[in-house]
Amino acid sequence: MKLSKPVPPPFDKYHFYRRAVQSPDVDVRFLRDTYRELRKSEPNDLREDFCGTFAISCEWAKLSPKYRAFGIDLDHEPISYGMAHNLTELSKSAAERVIIREENVLSPGLPKVDIIAAMNFSHYIFKARETMKQYFANAYSTLNDGGILVADCFGGPACQKQNKDFTEHRGFTYVWEQVGYDPVTSEAVFHIHFNVKEKSGKVRRHKHQFTYDWRMWTILELREIMLECGFKKTHVYWEGTSRNGDGDGVFTRVQSGEVCEAWVAYVVGER
Ligand SMILES: C[S@@+](CC[C@H](N)C(=O)[O-])C[C@H]1O[C@@H](n2cnc3c(N)ncnc32)[C@H](O)[C@@H]1O
């Protein structure tokens, strides 16, 4: 009898994404501290728009027994992954305070909260100004009085050309690839690949695990649209620089930025 070859388990792209890209424990502290700094009060409810596997929502529920988190995403796949891998990590009490909805962030009737987080540049999916405005207006109308919208953003000259960036992790390399940049439309396509070292020592390439087709928004554009939607004030949190010239992960409120090849920042709108 001919034995059939064992079928390898499917590649767990969310596991590698979690290790390479996400820092939800750091993100929730930044969100809480930013609210405290601007509002001089305590937040309770957070909405994680474009939540994917809703790692931030889970960390938020862990941060305080008073905190509730709502996650919104229209894709069933990451939500069900989060249900199986992230929600199950929580205590019963924390898990009960995480509510996930498979829905479009542009839909009416989303939960009203103190903080809305749009992270990992997910809102860059909206290419038309009108659609970004519709999103920010929806966020504004679903924030409690004094609530904040926190949207991350990135840019710099390095993001205006084709490039591939390699980051080494234990057992694998994370590859962030930018495929061109259109100066007329400000659009660019990005791919995430993982090169994983197997037990045999062989490196297996898992290409195109995630693909994003985005418009590269500027900070100024995002701030102007927030103000048009009724936000009272907008702020920018800019990352400090470590000794080796890379970002140090510490974001502070600034009035102006500085020239660097690639930067990450947060734009915050206050209702
Ligand atoms: C870049 S991923 C980020 C996921 C998650 N925030 C994270 O950091 O892992 C973007 C997510 O936005 C979701 N998405 C895209 N357009 C959306 C929309 N209009 N409404 C809700 N979710 C959307 C996608 O399904 C995807 O899960």
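The buried residues of helix α3 pack against α2 (24–39), β1, β2, α5 (92–96), β3 and β4. Contact here means heavy atoms within 4.5 Å. Helices (H or I, at least four residues) and strands (E, at least two) are DSSP runs, numbered from the N terminus.

This is a predicted model, in which local features need pLDDT of at least 70, side-chain atom pairs count only at pLDDT 80 or more, and totals for chains, interfaces and linings use all residues. Residues are numbered from 1 along each chain as its sequence is written, and side-chain values use heavy atoms, with hydrogens and water left out.

Helix α3 spans residues 55–63 and is mostly covered, with 7 of its 9 residues buried. Buried means under 20% relative accessible area, exposed over 50%, and partly exposed in between (1.4 Å probe, protein chains only). The buried residues are Ala-55, Ile-56, Ser-57, Cys-58, Glu-59, Trp-60 and Ala-61.

The loop between β1 and α3 holds Phe-50. Phe-54 is found in the loop between β1 and α3 too. Most residues other than glycine have a negative phi. Phe-50 has a positive phi of about 55 degrees although it is not a glycine. Phe-54 also has a positive phi, of about 45 degrees. Why does Phe-50 count as buried? Because its relative accessibility is 18%, which is under the 20% limit. Phe-54 counts as buried at 0% relative accessibility.

**Ligand site**

The ligand is surrounded by 16 residues; the closest are Gln-22, Phe-50, Asp-73, Asn-104 and Asn-120.

| Residue | Protein atom | Distance to a ligand nitrogen |
|---|---|---|
| Phe-50 | polar backbone atom | 2.7 Å |
| Asn-104 | side-chain N or O atom | 2.9 Å |
| Leu-74 | backbone N or O atom | 3.3 Å |

Taken alone, the ligand exposes 600 Å², and the protein buries 87% of that. Accessible areas come from the Shrake-Rupley method with a 1.4 Å probe; for residues, only the protein chains shown count as cover.

**The sheet**

An open sheet of 8 strands runs in the order β3-β2-β1-β4-β5-β12-β10-β11, with mixed pairing. Two strands pair if DSSP finds at least two bridges between them. The edge strands, β3 (98–102) and β11 (247–254), each pair on one side only. Neighbouring strands are turned by 20 degrees against each other on average, direction ignored. Axes are lines fitted to C-alpha atoms, for helices over the stretch in contact; angles run from 0 to 180 degrees between N-to-C directions.

Strand β2 (residues 68–73) runs parallel to β3, joined by 5 bridges. Phe-70 has Ile-99 in β3 as its bridge partner. Helix α6 (residues 129–141) packs on the sheet, touching β1 (45–49), β4 (113–118) and β5 (143–155). The direction of α6 makes about 145 degrees with that of β5.

At the other end of the strand order, β10 (residues 233–241) pairs with β11 in the antiparallel sense over 5 bridges. Val-236 stands opposite Val-254 in β11. The two strands form a hairpin with 5 residues between them, and Gly-245 in the turn has a positive phi of about 95 degrees.

Terms used:
A residue is near a molecule or strand if one of its heavy atoms lies within 4 Å of it. A polar contact is a pair of N or O atoms within 3.5 Å; within protein, one must be able to donate a hydrogen and the other to accept it, and residues adjacent in sequence count only if both atoms are side-chain atoms.
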